[in-house]
Amino acid sequence: MSDDAGQGGRHGNLGAPTPPIDHAAPEDDEAAAEAYRAAVAALADRGRFGVRLGLGRTRALLRELGDPQLGVRGALVAGTNGKGSVLALAGSALRAAGIRAGETPKPHLTTYRERLQIDGRPVGPRTFARLVNDAIAAADRVPRRLGDPTEFELLTAVVFAWFAEEAIDVAIVEVGLGGRLDATHAWDGGVAAITNVDLDHTERLGPTIAHIAREKAAIIERGDLAVTGAVGEARDIIRRRAGRLHVPLAIVEPAPIRAVDRDGLIVDLPRLGATRVGLLGRHQAANVAVANATLDALAAAGIADVPDEARRRGYAAARWPGRLELLSIGGRDVLLDGAHNPAGAAALAAALDDLVPTLTPGRLTLLTASMADKDVAGIASALGAAGALRGARIITTAIDSPRALPARRLATIWLNHAGRAAAIETEPDLPDALQRALDGPAGPVVVAGSLYLVGAVRELLVDEPLLRDPIVKPPPRSDRGDNPGR
């Protein structure tokens, strides 16, 4: 067993107080720090291969690693939105039941290691470096005719290698893109869950709901148990897929909501009755229904049985960093949420209208940035429809990425699509923009528009011991060629 897969803290979240042995003092171990840095660099270098859908490379890579995925059972979770919330809810309930669960939340906010978790805790740097190096060596043996495995394909192989090594009880794995040709679909854990279907990644998945639904429905395999919260045409397509394969399909509706507050929701769930959900936003009523049905399917499949009381504790304790995450910074409420597509922005808009009366009194400030390849106009239109944004102060900024939309272009889009804002300001430098938001008039600050933005802001605001990557010390000054006397 590796040295960094111990039990989590009270909630099993990433802020648990006891770091893994692997992570005890990275600053003092330069060799380990350098090994980690080199592994991350090698992994990131695979990004040059871009996104290439297809299962051939991942299957070949896993085969070179001894097919570790074959010994792992669990649920594969697809859907346009809500996948991460379902992982957070189901994972928290599994931990409450004492069941050792592996999870793969994505994308990461601050470190690659967030994408590999057991018992709610990320893989440690030494183990991560070793696993990545093993996967890269295996990638060199993949037949050239299949092409080079991509960054995400390598990470997928690393996930299953670690889960198999740790002999976890169950895995909850999040699909990366679509489903049919996503690297994670090289694995069939026995349960397939599809949260919902909406328009996103249309350039790869197809231009209509029907196209996208077929891509996601393909994760359902013969012999599985399946769950979906999809509606309309997408639900019909998923039902037909399950029917053709004689797969039992549980179709769930959002759980009835009893109450909404700054601590989450209280919903009614089958058998459980009134149940506290620790994630914010009315849309979590749909996600907890899918999570609960997924746990039912895991039990029916003989994979993992979570008692009702553990489910209640787990749902109440669930946390999902950077997704409608409420922080208190200097006495001011700061709400972080990705809202990186129109559906996510609409969910945030509804949540804001519920939450703002319970937040720091004063004028709301929205700090926003987006990627240029996103439907930024759709995001602005959906989020700008929130009554809570009427009279708000909006600060546009930019993420440090070649894909980032310049702050001034983003401001123009907001001017055209969100007329309720009283004032729009531009600050291209993200740390300065955040400071401007926090130094402004009293009132809550909302950070939204991109998970890259949320990750960068969260790293500035929150110190997570388990997420501190090893520090590589610079060489002595005389070796660096930057003698100030030259």
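## A buried pair: Asp 119 and Arg 100

Asp 119 makes a salt bridge with Arg 100, and their closest N and O atoms sit 3.9 Å apart. Asp 119 is found in the loop between strand 3 (117-118) and strand 4 (121-122), while Arg 100 is in the loop between helix 3 (83-96) and strand 2 (101-103), so this contact ties together parts that are 19 residues apart in sequence. Buried is the word for both Asp 119 and Arg 100. Keep in mind that this is a predicted model.

## Loop to helix: Glu 221 and Arg 241

Next up is Glu 221, which pairs with Arg 241 through a salt bridge whose closest N and O atoms are 4.0 Å apart. This one links distant parts of the chain: Glu 221 belongs to the loop between helix 7 (209-217) and strand 7 (225-228), and Arg 241 to helix 8 (residues 232-244), 20 residues apart.

## Strand to helix: Glu 425 and Arg 436

Glu 425 and Arg 436 form a salt bridge too, with 3.1 Å between the closest N and O atoms. Here strand 16 (residues 423-426) supplies Glu 425 and helix 14 (residues 430-439) supplies Arg 436, linking distant parts of the chain that are 11 residues apart.

Glu 425 has a relative accessible area of 21%, which makes it partly exposed. Arg 436, at 29%, is partly exposed as well.

Across the whole structure, the search turns up 28 salt bridges.

Definitions and conventions. Residues numbered from 1 in each chain as written. Predicted model: local features only at pLDDT ≥ 70, side-chain atom pairs only at ≥ 80, totals over all residues. Heavy atoms only, no water. Salt bridge = Lys/Arg side-chain N within 4 Å of Asp/Glu carboxyl O. Helix = DSSP H or I, 4+ residues; strand = E, 2+ residues; numbered from the N terminus. Buried < 20%, exposed > 50% of the residue type's maximum accessible area, 1.4 Å probe, protein only.
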